[in-house]
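Biologist: I would like to learn how to read charged pairs and helices in a model. Where shall we begin?

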Amino acid sequence: MRIGEVAARTELSLRTIRHYEETGLVTPSARSQGGFRLYTDSDVARLMVIRRMKPLGFSLDEMRALLAATDRLDADEPLTPAERDELLSRVGRFEQVTAERMADLRTQLARAEEFAATLRERTAPRDG
């Protein structure tokens, strides 16, 4: 896939995808003869992980750390039990932080909904 199709599939801008490439979070799997970036479904999946981490406030370094751990877990090279346990522990910490951040976002959303309801009440037509 070319970058435009990837942008459409991931709902990320071309600029954002290029930025993630510049920062080393994603690398196109190939380049066409004309020099266009070419991406695979695996590259799109990686971009989706990044896209999902962004609204949770993860930094680029944190994204890089998670992707490094999952890349290693998914690699064909065998892992020692200790390596596997360490990598799973890292991913587990990300899962825990994600759950905490989601809870914070739910609280913020509930407050925003309460505020919107207050505004609706103020602007609702009154009988009489």
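Modeller: Start with one residue. This model is predicted. Arg90 has a relative accessibility of 33%, so Arg90 counts as partly exposed.

Biologist: Which residue does the side chain of Arg90 meet in a salt bridge?

Modeller: First the general idea. Side chains of opposite charge can pair when their charged atoms come close. Here, the side chain of Arg90 meets that of Glu86, at 3.2 Å from N to O. Glu86 is partly exposed, with a relative accessible area of 35%.

Biologist: How many residues apart are Glu86 and Arg90 in helix 5?

Modeller: An α-helix has 3.6 residues a turn, so residues three or four places apart point the same way. Glu86 and Arg90 are four residues apart in helix 5, which means about one helical turn separates them.

Biologist: How many salt bridges are there in the count?

Modeller: The count comes to 11 salt bridges. One of them joins Arg51 and Glu11, at 3.6 Å from N to O. Arg51 sits in helix 3, while Glu11 sits in the loop between helix 1 and helix 2, so this pair ties together parts 40 residues apart in sequence. Arg51 is partly exposed at 27%. Glu11 is exposed at 66%.

Biologist: Which residue does Asp71 meet in a salt bridge?

Modeller: Asp71 meets Arg46, at 2.8 Å from N to O. This pair links distant parts of the chain: Asp71 is in helix 4 and Arg46 is in helix 3, 25 residues apart. Asp71 is partly exposed, at 37% relative accessibility. There is also a network of salt bridges, which links Glu21, Arg31 and Arg37.

Biologist: Now helix 4. Which of its residues are buried?

Modeller: Met63, Leu66, Leu67, Ala69 and Leu73. They cover an arc of only 160° around the axis, so they lie on the same side of helix 4. Their cover includes helix 3 and helix 5.

Biologist: How many residues does helix 4 have, and how far does it reach?

Modeller: Helix 4 runs over residues 60–74, which is 15 residues. From first C-alpha to last it reaches 21 Å, close to the expected 21 Å.

Biologist: One last residue. Is Thr10 buried or exposed?

Modeller: Thr10 is buried, because its relative accessibility is 0% and buried means under 20%. Thr10 belongs to helix 1. Its side chain reaches the backbone oxygen of Val6 at 2.8 Å. Leaving out residues up to four places away in sequence, Thr10 touches Ile17, Val44, Leu47, Met48 and Arg51. Arg51 is also the partner of Glu11 in a salt bridge.

Technical notes: Residues numbered from 1 in each chain as written. Predicted model: local features only at pLDDT ≥ 70, side-chain atom pairs only at ≥ 80, totals over all residues. Heavy atoms only, no water. Helix = DSSP H or I, 4+ residues; strand = E, 2+ residues; numbered from the N terminus. Expected span 1.5 Å × (residues − 1). Buried < 20%, exposed > 50% of the residue type's maximum accessible area, 1.4 Å probe, protein only. Arc of directions from axis to C-beta. Contact = heavy atoms within 4.5 Å. Polar contact = N/O pair within 3.5 Å; in protein donor to acceptor, adjacent residues only side chain to side chain. Salt bridge = Lys/Arg side-chain N within 4 Å of Asp/Glu carboxyl O.
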